[in-house]
Amino acid sequence: MQYHLDGYRPGDPTLEPALPGRPAGPLRDGDAVDVLIVGTGPAGMMLAAQLSVFSEIETRIVERNPEPLRIGRADGVQVRTVETFQAFGLARQMIDEGYHITQTAFWGPDPEHRDRIARTHRVPDDDQGLSEMPHLVVNQARMQQYLQSFMDRRPSRLRPDYGIEFVGLEIDRDAADHPVTVALRRARHRPRARRGRDRAARHVRGRGAAAR
């Protein structure tokens, strides 16, 4: 049987052995990587989780904020997103923890009491049967924790470098290997004047267009 092919090993079977030889600690000046992800938003963390499966691809993530997201900014989870998390083996936990949206209620003026509102009707959230997965509300910060827990079990043990800000990039089109040089710096933060997360993707695209 395939289950006994390599014999029984004690411990958690979903925790893959750590890959030796990968540098520990934050990125250093002159480090060469295969993929550098800027920003730990939904797109950045999803890409990082997918790339963490491929241990031969050296991936790093930088995030200008000093710590992981604490409170979500976009907590609605569509059924297709739940399907995507199912590919990572994370849907069950999300479904167990999330708030299930099954219907939408509409409200209007109460015809008998004009100073009040009354529920006029309800409609199913999904009357087309789009997916076997439910429409959920899950805090965005929690969703990022799901993806981080997935990466923690992959051989690369990929984790973001927080407090690192993207400055710009240069593209050497004649270079045979690693043609992109990225400038980073330690981000500055004011504890009493915290601002929202930068739109990292737009910032990178803008710098890339300038480099071309």
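Guide: What follows is a walk through the open sheet, then to a loop and a strand, and finally to the chain as a whole. This is a predicted model, in which local features need pLDDT of at least 70 and side-chain atom pairs count only at pLDDT 80 or more, while totals for chains, interfaces and linings use all residues. Residues are numbered from 1 along each chain as its sequence is written, and side-chain values use heavy atoms, with hydrogens and water left out.

The sheet is formed by 3 strands in the order β1-β2-β8, and their pairing is parallel. Because β1 (35–38) and β8 (161–162) stand at the edges, each with a single partner strand, one side of each is left without a neighbour in the sheet. Helix α1 (residues 42–51) packs on this sheet, where the helix touches β1 and β2, and its direction makes about 155° with that of β1. Such angles run from 0 to 180 degrees between N-to-C directions, with axes fitted as lines to C-alpha atoms, for helices over the stretch in contact. Helices (H or I, at least four residues) and strands (E, at least two) are DSSP runs, numbered from the N terminus, and two strands pair if DSSP finds at least two bridges between them. The strands β2 and β8 pair in the parallel sense over 2 bridges, and V62 stands opposite D161 in β8.

P68 is placed in the loop between β2 (59–63) and β3 (76–77), and P68 is partly exposed because its relative accessible area is 44%. In these terms, buried means under 20% relative accessible area, exposed over 50%, and partly exposed in between (1.4 Å probe, protein chains only).

E165, by contrast, lies in strand β9 (residues 164–171), and E165 counts as buried because its relative accessibility is 15%. Leaving aside residues up to four places away in sequence, E165 touches R64, A183, L184, R185 and A187, where a contact means heavy atoms within 4.5 Å.

Stepping back to the whole, the chain has 5 helices and 10 strands, and of its 212 residues, 30% count as buried. Among contacts in the chain with a separation of 6 or more, 68% are between residues 24 or more positions apart.
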